[in-house]
Amino acid sequence: MACGTKSSLCLYLTLFIVMVTISSPVSAQLSVSFYGNTCPSVFDTVRTAVRSAINREARMGASLLRMFFHDCFVNGCDAGILLDDTASFTGEKTALPNNNSVRGYEVIDTIKTQLDRACGGSVVSCADIIAISARDSVVELGGPSYSVPVGRRDARTASRDGANSNLPGFSSNLDVLISQFSNKGFTAREMVALSGAHTIGQARCVTFRDRIYTETNIDSAFATSRQANCPQAAGSGDDNLAPLDAQSPNRFGNNYFQALTNRRGLLHSDQVLFNGGSTDSIVTTYSNDATTFNTDFSNAMIKMGNLSPLTGTQGEVRTNCRRVN
């Protein structure tokens, strides 16, 4: 319907639409200063706790970063991944990409307890704790800092099926990775930048066995070194660990991309980023320019943190991150 300049009906409808939009909880925006009045120590508290957790176990930084990915890729950054199964509810923890894989739940519990104590109650959402912890893990391990807007709220449900279907797998080919990230609004360049999170952390033998024994686009010396701790027989040594980035497993940087150019990617889904395909040039750029990688990674992480957050009156702020209120 076209509105004439003197149409009172159209004026009323326009004002109504504006008022509804302003009052809608969906329109609420995330902000770095969201807890400025209610919990001003939120960032300091999380930073201290993350540093303590990484000092106890260096691998925990990568685990917290991975938790953020796996949370946001399923129904948005809503802490759905933290919900435990109950008699009437099956959460995301037992989904194939998460089961015996995602770690750090107890660290989130500890941070939540500390924040509740510091802020005089359950003020900071579990979803925000995950997002802040991921950034602080990157920084603590030598990576770039970036802003983390907050104000997310926690979901009252989770999706095991969504986790099984939306999360990229260790055996994914390049076209699948590009498609899965595109479905979340990411470009191929952003996908490659985010894959750089594999500059830290460890992987289980079961996730890279096929690569080191059957694939040909792999440095032979690298394959032999990994085979020493990952037997070829299925079921043997499945949980044995190897660093995703052998050169600097506990330092965030661009060594991961240098490894890919030398055919030393641990996972199939790593090496496909540099295997004669459309993302080779991006990997080359990042392998030669750590600053460009850090900038692109930071921007992509901020974008990921904005994936379908619950805000305003949506969802809740859980008192216990493992169950709904």
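Predicted model: local features only at pLDDT ≥ 70, side-chain atom pairs only at ≥ 80, totals over all residues.
We can begin with the interior. In soluble globular proteins, nonpolar side chains tend to be buried together. Here the largest nonpolar core has 72 residues, and within this core Phe-68 and Leu-82 have the most contacts. Leaving aside residues up to four places away in sequence, Phe-68 touches Cys-77, Ile-130, Ala-131, Ala-134, Met-301, Met-304 and Gly-305. There is also a second, separate core of twelve residues, with Phe-208, Ile-212, Cys-230 and Leu-244 among them.

The axes of α2 (residues 42-56) and α5 (residues 126-140) come within 9 Å and cross at roughly 55°. The crossing in which α2 passes α5 is right-handed. On the α2 side, the contact is made by Val-42, Phe-43, Val-46, Arg-47, Val-50, Arg-51 and Ile-54; on the α5 side, the residues are Ile-132, Ser-133, Arg-135, Asp-136, Ser-137 and Glu-140. Sorted by class, this contact of α2 with α5 has six nonpolar, two polar and five charged residues.

Helix α2 also packs against α4, at an angle of about 145° and with the axes 10 Å apart. This crossing of α2 and α4 is right-handed. From α2, the contact draws on Val-42, Thr-45, Val-46, Ala-49, Val-50 and Ala-53, while α4 supplies Val-107, Ile-111, Gln-114, Leu-115 and Ala-118. The class make-up of the contact of α2 with α4 is nine nonpolar, two polar and no charged residues.

Finally, two places in the backbone deserve a look. Most residues other than glycine have a negative phi. Asn-100, however, has a positive phi, near 55°, and is a residue other than glycine. Asn-100 is found in the loop between α3 (60-72) and α4 (105-119). Is this residue buried or exposed? Its relative accessibility is 62%, so Asn-100 counts as exposed. Ser-308 is not a glycine either, yet its phi is positive at about 45°. Ser-308 lies in the segment after α14 (290-305). With a relative accessible area of 52%, Ser-308 is exposed, because the cut-off for exposed is over 50%.

Technical notes:
Residues numbered from 1 in each chain as written. Heavy atoms only, no water. Core = buried A, V, L, I, M, F, W, Y, C linked by side-chain atoms within 4.5 Å. Buried < 20%, exposed > 50% of the residue type's maximum accessible area, 1.4 Å probe, protein only. Contact = heavy atoms within 4.5 Å. Axes fitted to C-alpha atoms, helices over the stretch in contact; angles between N-to-C directions. Helix = DSSP H or I, 4+ residues; strand = E, 2+ residues; numbered from the N terminus. Left-handed = near helix turned anticlockwise from the far one by under 90°. Nonpolar A, V, L, I, M, F, W, Y, C, P; charged D, E, K, R; others polar.
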